[in-house]
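Here's a quick briefing to read with the model open beside you. Have a look first, then work through the notes by topic.

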Amino acid sequence: MEKRESLWEAYLRRGFSRRSFLKGCVALTSLMGLSTDMFSKVVEAAETKPLPVVVWIHGHECTGCDESFIRSGAPLASDVVLSSIALEYDHLLSAACGAPFEAHLDETIAKYNGQYILCVEGAVATKDSGVYCMSGGHTFTHLLAKAAKGAAAIIAYGSCAAYGGIQAAKPNPTGSAGIEHFVGGKPVVKVPGCPPIPEVMTGVVMHVALFGSLPPCDADGRPKQFFGNRIHDTCYRRPFFDAGMFAETFDDAGAKAGWCLYKLGCRGPETYNSCGNLRWWQGMSYPIQSGAPCIGCSNAKFWDEDPFTSRLPQYGKLGDVDKIGAALGVLTAAGVAGHAVASIVQRNQRENLIDEDHHE
Amino acid sequence: MQHVVVDPITRIEGHLRVEVTVDETTGTVTDAISSGTAWRGLELVMKDRDPRDAWAYIQRICGVCTTAHALASVRSVEDALGIAIPLNANYIRNIMAATLTVQDHLIHFYHLHALDWVSPVEALNADPAKTAELQVAVLNAYRLDLKVPEEVNTEAYPHDFPAATPQYFASIKAKVQAIVASGQLGIFSAHWWDHPDYKLLPPEVHLMAVAHYLEMLDKQREIITPHVVFGGKNPHPHYVVGGVPCAISLTDGNAPINTARLAIVDRAVNMARDLVNNYYLPDLVAIGVIYAKAGRVDGGGLARERVMAFGDYPLNGYSGTSNGGGYFENLLVRSNGVVENFAQGVEKAVFTPITAEDLKSPDIISEGVEHAWYEYPESAGKDLHPWKGITKDKFTGPKTGTPTMWETLNEGGKYSWLKTPKWKGKLCEVGPLAHYIVIYTKAAKGQLPDPTWAEQMMLKQIEVVSTVLGVPAHVWMPTMLGRTACRCLDAQLAAEVNKFFFDKLIANLKTGDTTTMNNEKWTPDTWAPECMGVGLYEAPRGGLSHWVCIKDGKIDNYQCIVPTTWNACPRDDKAGHGAYELAMMTTHVADPTKPLEIPKVIRSFDPCLACATHMYNAKGEEIHIISTDPYGR
């Protein structure tokens, strides 16, 4: 097998200084949400690991994840694509097409067998042997199985690859599903979101690229560093929830004052994502900050948890949301635990409602 | 004769396959197939949902032209319900739409289309000092100084300006050299870099374009920030039926939109203008001039015969499109209509307007399925208006190969998941080229009374480009090059439209009006038990229409007829070939073993296939109102 280049060697080849290399490592350390004492590990990884090969394939999708990826502010898309990884196959950016492009995929899979990172965007269309998603004259199921076989790591980018996404919403006409069960039993890192935050996307692939291992994940396969908190727990409008101050309608006085959007259907209380802490465009905004209730786009079945602008079902035993908010405002110490309970109750109620709906 | 398959077509959105038959002795394409090879059934997913949520679902048709479907969707629901949105909401939506157009066209040119014209391999032969000189010459010759009459220019100096120094281009060249030397070509792997077309341009143009490819890859994210400010994120910003979700307050401490947030938008508006005026347009003209002078004005196809547009940017208040709400009477760019026979000269061209009544007429817009993997019952007739549409799948597999392993598709039978949309039984090309041809023709025929500043700017753009290229408009416009050039002109226009509506937003806020939402018909108890509507948007890829039918507070049917469906549709036995197929059939192929011209002419349309594939009902049941496809930009 031919020797592959490390990030440090790449810097040398491109004539960059040790200083700029270390600066790059500093940026990556903070990008991945690691503490500064991890810096030496990042440097070590960047010096010794080969420049990773990435194969990016598309199933049933909208290319919004690709687009999000190239919106990354740190690292910048050009740096990732040309200096940090070797993106050998991607429908959006690759120059080649047709037969030579497909042949290059086969060569890449063979040459880097067991070494490449497979990024998957989009769901698997399973119905009727997969004829509803064809590329290069073959089904996407065929392509996925082929590409997964020799992959060192598999990243499911976006809610479609992670859980099936929009096309899997009822009635799921094409039998679409997440990729998990179609990759030969290999572990899948799930990066849900519709789309995921740009820096989350580049952060995950850079983690794999730099450390040569999957990022620490929760039981569902989501990287803990990006999906460890509910948006509600990190939301800058949380104090208004606790104080019982809500926007009742779009553009009312509460909406103008930036109060909590819970009553307009916000899914922040049950959605695990980095919108509240990283935000979009490196802190510029996220839907709630722009006045739009969260639709829970990183949740597994969020498309069938509609209507989005209805408030969640009443709390039941816990009583009305205003009372809860006010009560928790007083009992701040109990606040976090109380909300955790409340959101579980809500979710159960919503699922019950959905079930009833389905059985109508 | 050689049968050539190109599948997948890359640097587009979605899954597209083309097959062409080439006479290798002459380079003539004698037949061509365009096939959408995937569909997701999103319109079916829409059934029984809350119409106020429709934008969120249907926006997921496409993440490249994100916002396009959300905008058409809220417009369709508001048309059905008769909701007039507040002025601020109209201005903000227009800024988001124009922002999308600039950014989308910019990405298309540099990251999806440029590598059909320029090559990093050729850039290695460039002299960095000469490239710097070229950059200066290009800026001197090809900056088109066309602007909206603006209230105030908030930019002290052009913050985003091309570097024209030998050192800069030397560093870009060194980077490309290092990548090529490493043997790991990444995104540049396996392409036909030895195609003769890459020798048309001097090496310095290649190096300049490669530098700008990299710069724009990093800059594109900064001009889309109005979506992040107003819609919370991008791709897929948030919308709301009745207005915009971003409440405005200049007095509250935690408002979604305040002066500081507007300043972010202002910066993005200025930046978009700089990037188009200082990079995109000069680069485009620099490449276009060489191609035009080499006589490369092929690939026109259907644009020579028939183009269609819807027009856009409602200026002020309106309450609907098909419901008599004044949408068409209130547009900044009145390109709603069809132009036929433009290639024969504007004197012989025929213009026919599209009106609100036309949208509702059963005979104007229809769809056929002769060569699409669907079937209509015999009693239904050959073509159906979208509101009477039936969608029943009939996958017949390829001509040779198996259903899951295709060799060749069946041009005599069914071969695509796209239906064939028609205007008065005829096929039309849509897109920025169509948009410009319609305005140009209307003006020439005296049917554009009191042209708006935007329409005047479009006419001026066409005049200037015709002069620079040294070719009359009816010759250069309906071509592969013209399609790519008009997209750039559209980006320049959209950058000014952004500024125009930003100024209008500020002026309206000055009056004390901060309203962003009309809540009068928010709750379903205020809606008619049954109603239907149409939402139009002149998307980056052309005229987009969404058709919704609401019954008892839920979506009964939802359909989108998307620009790529108009362009990429399969043939019709009576009406002939669609725009992609005809464009391929009017393109010269130098070497069938390296058919670079084929994906190149296809990319001149900026394909968006996820948008174009149809809805489908698994049980083959009749779906009352619609059935088509979505997508667009």
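Which residue stands opposite Ser366(B) in E13(B)? That's Lys422(B). Bear in mind that this is a predicted model: local features need pLDDT of at least 70, side-chain atom pairs count only at pLDDT 80 or more, and totals for chains, interfaces and linings use all residues. Residues are numbered from 1 along each chain as its sequence is written, while chains are lettered from A and ligands numbered from 1 in the order in which they are written.

- Helices here are DSSP runs (H or I, at least four residues), as are strands (E, at least two), numbered from the N terminus.
- Three strands of chain B make an open sheet in the order E10-E9-E13, with antiparallel pairing.
- Strand E10 (383-384) and strand E13 (420-423) of chain B sit at the edges with a single partner strand each, so one side of each has no neighbour in the sheet.
- Strand E9 (residues 365-368) of chain B pairs with E13(B) over four bridges, in the antiparallel sense; two strands pair if DSSP finds at least two bridges between them.

- Most residues other than glycine have a negative phi, and most peptide bonds are trans.
- In chain A, the peptide bond from Cys194(A) to Pro195(A) is cis, with omega near -10°. Pro195(A) belongs to the loop between strand E9 (188-191) and helix H9 (198-211) of chain A.
- Chain B has a cis peptide bond from Asn234(B) to Pro235(B), omega near -5°. You'll find Pro235(B) in the loop between helix H9 (225-231) and helix H10 (259-293) of chain B.
- Tyr313(B), in strand E5 (residues 312-314) of chain B, has a positive phi near 70°. Tyr313(B) is buried, with 24 other C-beta atoms within 10 Å; the cut-offs are 20 or more for buried, 12 or fewer for exposed, and partly exposed in between, with C-beta atoms placed from the backbone.
- Asp552(B) also isn't a glycine, yet its phi is positive at about 50°. Asp552(B) lies in the loop between strand E15 (542-551) and strand E16 (554-561) of chain B, and counts as exposed with 10 C-beta neighbours inside 10 Å.

**Where the chains meet**

- The contact takes 83 residues from chain B and 76 residues from chain A, a contact being two residues whose C-beta atoms, placed from the backbone, lie within 7 Å.
- On the chain B side, the elements that each supply at least two residues include helix H7 (166-182), helix H8 (203-223) and strand E12 (405-408).
- By class, that side of chain B has 42 nonpolar, 26 polar and 15 charged residues. Ala, Val, Leu, Ile, Met, Phe, Trp, Tyr, Cys and Pro count as nonpolar, Asp, Glu, Lys and Arg as charged, and the others, Gly among them, as polar.

**The nonpolar core**

- The largest nonpolar core has 309 residues, and Val54(A), Ile117(A) and Val307(B) are among those that touch the most other members. Such a core is a set of buried Ala, Val, Leu, Ile, Met, Phe, Trp, Tyr and Cys residues joined through C-beta atoms within 7 Å.
- H10(B) gives the most to this core, with 16 residues.
- Domain 2 (52-226) and domain 3 (231-358) of chain A both give residues to this core, so it lies between them; the domain bounds come from an automatic or database domain assignment.
- Leaving out residues up to four places away in sequence, Val307(B) touches residues including Val338(B), Phe342(B), Cys428(B) and Leu433(B).
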